[in-house]
Amino acid sequence: MLALAAILPDFRLQSADGDSVTRVGLTAAWAAGAFGLLSALVWPVLVRALLLVPALVLGLLVFFLNGSLLLMALNLIPEGRGARVAPETAVVVAAVMSAVASATSTALAVRDDEAYRRRLYRLADRRRRRYGAPPGGGPGLVFLQLDGVGYEVLRHAAGSGLMPTVAGWLEGTHRMTPWRTDWSSQTGASQLGILHGSNFDVPAFRWYEKDTGEVMVCNRPTSAAELQRRAAERTADGGLLTLDGASRGNLFSGGADQLALVLSVSARRGRANRSRAGYFAYFSDPANAVRTALSLVAEVVREIGQSLRARARKVTPRVSRGGLYPLIRAFATVIERDVVVSAVIGDMLAGRACVYADLVAYDEVAHHSGPRGRDTDQVLARLDRSLALIARVAEHAPREYRFVLLSDHGQSPGETFLGRYGLSLKDLVRAGCGLPVPRRAGRTRSGAEARAAVLAALHRPVEEAGEEARPAPGSDPVVLASGNLGLVSFPDLPGRATREWIERAHPALLATLANHPGVGFLLVDGEVLGPAGAAARLDVPGAAEELLAPFGPGAAGAVRRTDSFPHVADIMVNSAYDPQTGAVHAFEEQIGSHGGLGGEQAHPFLMWPTELSEPGPEPVGAEAVHHVLRRWLREADGPQVPLDGRPGEEAAQQVPAPGGTPPARAPREDSRPGGASDGILPSAEVPRPDETR
């Protein structure tokens with residue numbers, strides 16, 4: 001404060017007649033003390049008052065509120081020595097003071113391992129005294145999902161020293177195996193299956209449903225809520241995290257009471273939306289807000305520099321990384337990472353039995369920079385440091401914790417379909433149907449999860465961001481993209497189109513698609529079509545396996561399962577795949593993609609501590625991973641799932657319909673006096689779960 005008073009002309013800590021150095025020092029000490037005291041007392045009240053403010057707006061609002069507190073502190077200085085400061089100067093002074101406090105505390109406490117441990121121990125001890133002993137006596141489980149990190153990518157990162165924390169676990173306490181995704185190798189299908197035990201009738205990241213005339217999009221809040229409701233109804237089970245669980249940064253809740261950054265509940269308005277509580281609890285500390293803001297700016301600058309370097313070196317393949325993308329990337333790699341890690345730390349110090357958290361940073365960067373390279377290596381290194389921090393905090397938790405690392409899918413590299421062939425899938429379909437094709441091919445927006453999280457944080461529905469929730473009526477086919485998987489639907493035709501109907505209505509369409517060099521195969525009403533007239537019925541043993549052999553083992557089984565879905569598209573289009581390079585062609589603007597078959601996108605990983613049982617043969621499908629995690633929860637004496645004895649209708653009612661009000665639920669006993677905390681660090685006063693749900 002003394003330094004700022006000397007530098008800034010509009011900020012004075014002495015009277016007009018001048019004061020002695022001692023008097024100025026005492027004035028600065030008075031102002032700094034008052035500012036710190038007001039911050040400690042007023043911030044919890046402000047957090048409760050600002051629950052309806054968009055989360056990202058709060059991050060900016062913190063600076064202005066901080067400046068207001070500083071003005072109040074300066075007005076408390078005797079004889080008006082601090083009253084001579086403009087409001088905009090107060091904002092600058094408060095921001096600099098918070099940044100310096102954050103930097104010095106980090107340098108003096110976090111970097112000093114012993115001081116850091118003592119600090120965490122004191123925090124854990126305070127939480128134990130406040131909430132009592134954690135429920136149950138067994139160790140807790142923390143599931144950390146590294147979104148989009150494939151099995152081979154993680155093996156390489158650990159073996160090359162890029163992720164020393166993961167390497168140390170693999171050398172001593174953990175084991176790892178790959179698992180195979182469903183045909184729809186994307187977060188929506190995988191995480192729904194992992195958390196809720198069923199991803200039936202999720203054919204892609206986005207698809208058209210003829211019975212409602214709507215497009216379902218996995219990262220749209222209303223769609224995510226509906227998918228979660230359907231899964232709960234089908235399984236008669238609330239989810240993996242039903243008892244004393246926490247869901248952090250996920251598309252779905254998993255049945256948890258403790259939520260932060262969960263998309264399926266972010267469409268709710270008002271105080272009932274506890275998913276946004278993670279933002280508010282995190283930003284309630286001005287030092288957190290300043291530190292994250294500085295990191296955000298640094299990440300934006302880093303992305304712009306990397307993009308310019310790739311353009312200058314004429315790196316190929318390459319996609320556009322301008323517009324709002326630098327901010328979206330910074331949100332995924334800084335804000336969402338910091339809030340989720342803080343939430344997990346709070347959950348462990350509160351002694352929760354089960355936590356599932358998703359870290360999306362790698363997936364977002366790999367979409368635009370490619371799955372392997374300098375850009376993604378830097379992200380993996382920072383994720384490893386986050387894992388190390390979480391592991392160190394676990395040593396001070398009130399119960400033992402075991403860590404399970406997993407991913408929901410991998411990523412396959414390759415030039416986009418548009419970049420390679422000069423037209424989009426929609427253009428190709430329209431040409432095959434004899435419809436006019438625009439001279440200039442349009443680009444398909446990337447469907448990365450971080451974009452939807454940013455919109456939810458701003459209270460802006462994903463529907464307003466260019467997605468057509470309800471296509472206009474007409475005879476034109478609806479063409480949608482999900483990575484390297486495309487879907488073609490004929491909205492005016494009730495039910496699923498047969499091959500005979502398509503060939504009669506559009507004689508050139510199937511041949512145009514199947515024989516295109518960028519297309520690997522088609523699925524049409526139980527039949528797989530390949531190039532040069534190749535065809536195989538899925539109900540003929542061995543025929544589809546031979547045709548789909550280049551796409552890897554299990555490809556035919558994955559296609560066969562999708563063919564049974566009620567909402568499978570009339571034509572499913574999987575891009576071509578090169579087994580030599582592992583390349584596919586995304587129908588979206590992504591050079592690292594996932595969503596279909598071909599390459600590393602279908603091979604995520606599962607890593608578990610040796611205290612838990614082996615998962616068995618390589619799990620096939622997200623539902624198989626769900627059963628493995630349930631078994632591990634039972635072994636750890638954690639939440640018991642499924643909910644024995646509860647009828648399916650009641651379990652389904654635990655998930656509200658899109659836009660609806662969550663139903664009342666029977667109160668459950670909570671061993672922590674005063675109800676469960678939201679688990680976010682730093683701790684903040686937030687409504688109890690029974691007040692919000």
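Two strands count as paired if DSSP finds at least two bridges between them, and helices (H or I, at least four residues) and strands (E, at least two) are DSSP runs, numbered from the N terminus. With that in hand, His 174 stands opposite Pro 609 in S19. Please keep in mind that this is a predicted model, in which local features need pLDDT of at least 70 and side-chain atom pairs count only at pLDDT 80 or more, while totals for chains, interfaces and linings use all residues. Residues are numbered from 1 along each chain as its sequence is written, and side-chain values use heavy atoms, with hydrogens and water left out.

**The sheet and its helices**

- Seven strands form an open sheet with mixed pairing, in the order S2-S19-S8-S1-S7-S5-S6.
- The edges are taken by S2 (174–178) and S6 (258–260), each of which has a single partner strand, so one side of each is left without a neighbour in the sheet.
- Neighbouring strands of this sheet are turned by 15° against each other on average, direction ignored; axes here are lines fitted to C-alpha atoms, for helices over the stretch in contact, and angles run from 0 to 180 degrees between N-to-C directions.
- S2 and S19 (residues 605–609) run antiparallel and are joined by 5 bridges.
- Helix H6 (residues 151–159) lies across S1 (140–146), S2 and S19, at about 145° to S2.
- Helix H8 (residues 187–196) lies across S1, S7 (354–359) and S8 (401–406), and runs at about 175° to S7.

**Backbone details to look at**

- A cis peptide bond leads from Thr 316 to Pro 317, with omega near -5°, and Pro 317 lies in the loop between helices H11 (286–312) and H12 (325–349).
- Asp 244, in the loop between helix H9 (221–235) and strand S5 (245–248), has a positive phi near 55° although it is not glycine.
- Asp 244 is buried, at 10% relative accessible area (buried means under 20%, exposed over 50% and partly exposed in between, with a 1.4 Å probe and protein chains only).
- Asp 525 also has a positive phi, near 50°; this residue lies in the loop between strands S12 (519–524) and S13 (527–529) and is partly exposed at 27%.

**Aromatic rings**

- The structure holds 10 aromatic pairs, where rings of Phe, Tyr and Trp (its six-membered ring) pair if their centres lie within 6.5 Å, and planes under 30 degrees apart count as stacked, over 60 as edge-to-face and the rest as tilted.
- Phe 200 and Phe 565 make an edge-to-face pair, because their ring centres are 5.1 Å apart and their planes stand at 75°.
- This pair ties together parts that are 365 residues apart in sequence.
- Phe 200 is partly exposed at 27%, whereas Phe 565 is buried at 4%.
- Arg 234 lies over the face of Phe 200, 4.0 Å from the ring centre (the criterion is NZ of Lys or CZ of Arg within 6 Å of the ring centre and within 35 degrees of the ring normal).
- Trp 183, Phe 521, Phe 551 and Tyr 577 are linked by ring pairs into a cluster.

**Nonpolar cores**

- A nonpolar core is a set of buried Ala, Val, Leu, Ile, Met, Phe, Trp, Tyr and Cys residues joined through side-chain atoms within 4.5 Å.
- The largest such core has 65 residues, of which Phe 143, Trp 183, Val 559, Leu 629 and Trp 632 touch the most other members.
- Helix H22 (residues 622–635) gives this core its largest share, 6 residues.
- Beyond its neighbours within four places in sequence, Val 559 is in contact (heavy atoms within 4.5 Å) with residues including Trp 183, Phe 521 and Leu 597.
- A second, separate core of 48 residues includes Met 163, Ala 167, Ile 335 and Ala 366.
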